[in-house]
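Let's walk through this model together, one pairing at a time. Have the structure open and turn it as you read.

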Amino acid sequence: LSASSMASNATIAVLCAVLVLCGTCLGADEPEANYLIGRGMYDMTGPAAEINFMGYANPAQTGRGLHLRQFARAFVIADPTTHKRFAFVNIDGCMASQVVTLQVLDMLRVRYGSVYTADNVCITGTHTHSTPGGFFQYVLFDITSVGAVNQTIQAYANGI
């Protein structure tokens, strides 16, 4: 299997687990509730060259070009009777960061009002150390990238 197929399969497995567990967060009382489910995938590839990678804290580990694009895979589950929604996003990245999550929530608020909040949006990562760094608000994570990398933050937020 290719890396993107494995990431897609892992995302689908996690989504199935989320579906099993999220009935109560959507307020469904009946086990046979009919949910509306939507999905989307978007390119979130950030800078590809001369950027430090996330996770190994090794300043020599830098990108020298593009091998595979990064994607965000989103699933939205809605209860048509209560109109409650739950959004699960899995990114091809080491992990989600608070600064990216807050930016995404701001973008969602502008577009959808109060439909999506920190209470019903989950952003997670496949946990790879081969993607750009510099997308955290904590110094420890951004030491090897010499601070925040706005190109990475914007690519992640726009892709999600």
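Start on strand β4, where Y42 has A72 as its bridge partner. A second pair to look up is I37, whose bridge partner in β4 is I77. Strands here are DSSP runs of E with at least two residues, helices are runs of H or I with at least four residues, and both are numbered from the N terminus. Two strands count as paired if DSSP finds at least two bridges between them.

Before going further, a word on what you're looking at: this is a predicted model, in which local features need pLDDT of at least 70 and side-chain atom pairs count only at pLDDT 80 or more, while totals for chains, interfaces and linings use all residues. Numbering runs from 1 along each chain as its sequence is written, and side-chain values use heavy atoms, with hydrogens and water left out.

Now look at how β4 pairs with β5 (residues 85–91): the two are antiparallel, with 7 bridges. In this pairing V76 stands opposite A87 of β5. The two strands make a hairpin with 6 residues between them, and H83 in the turn has a positive phi of about 65 degrees.

Zoom out and you get an open sheet of 4 strands in the order β1-β4-β5-β6, with mixed pairing. Its edges are β1 (36–43) and β6 (121–125), each of which pairs on one side only. From one strand to the next, the twist averages 15 degrees.

On to the helices. Two packed helices are described by the angle between their axes and the distance between the axes. For α3 (residues 98–112) and α5 (residues 150–159), the angle is about 45 degrees and the axes are 9 Å apart. That makes α3 oblique to α5. The axes are lines fitted to C-alpha atoms, for helices over the stretch in contact, and angles run from 0 to 180 degrees between N-to-C directions. On that scale, under 35 degrees is roughly parallel, over 145 roughly antiparallel, 65 to 115 roughly perpendicular, and the rest oblique.

Which residues of α3 and α5 make the contact? From α3 they are V99, V100, Q103, V104 and M107, and from α5 they are I153, Q154, Y156, A157 and N158. Contact means heavy atoms within 4.5 Å. By class, this contact has 7 nonpolar, 3 polar and no charged residues. Nonpolar covers Ala, Val, Leu, Ile, Met, Phe, Trp, Tyr, Cys and Pro, charged covers Asp, Glu, Lys and Arg, and the others, Gly among them, are polar.

Stay with α5, whose buried residues are T152, I153, A155, Y156, A157 and G159. Buried means under 20% relative accessible area, exposed over 50%, and partly exposed in between, with a 1.4 Å probe and protein chains only. The cover over these residues includes β1, β2 (49–52), β4, β5 and α3.

One more stop: S97, in the loop between β5 and α3. Is S97 buried or exposed? S97 is buried, with a relative accessible area of 3%. Not counting residues up to four places away in sequence, S97 touches F135, F136 and Q137.

Finally, the whole protein has 5 helices and 6 strands, and 38% of its 160 residues count as buried.
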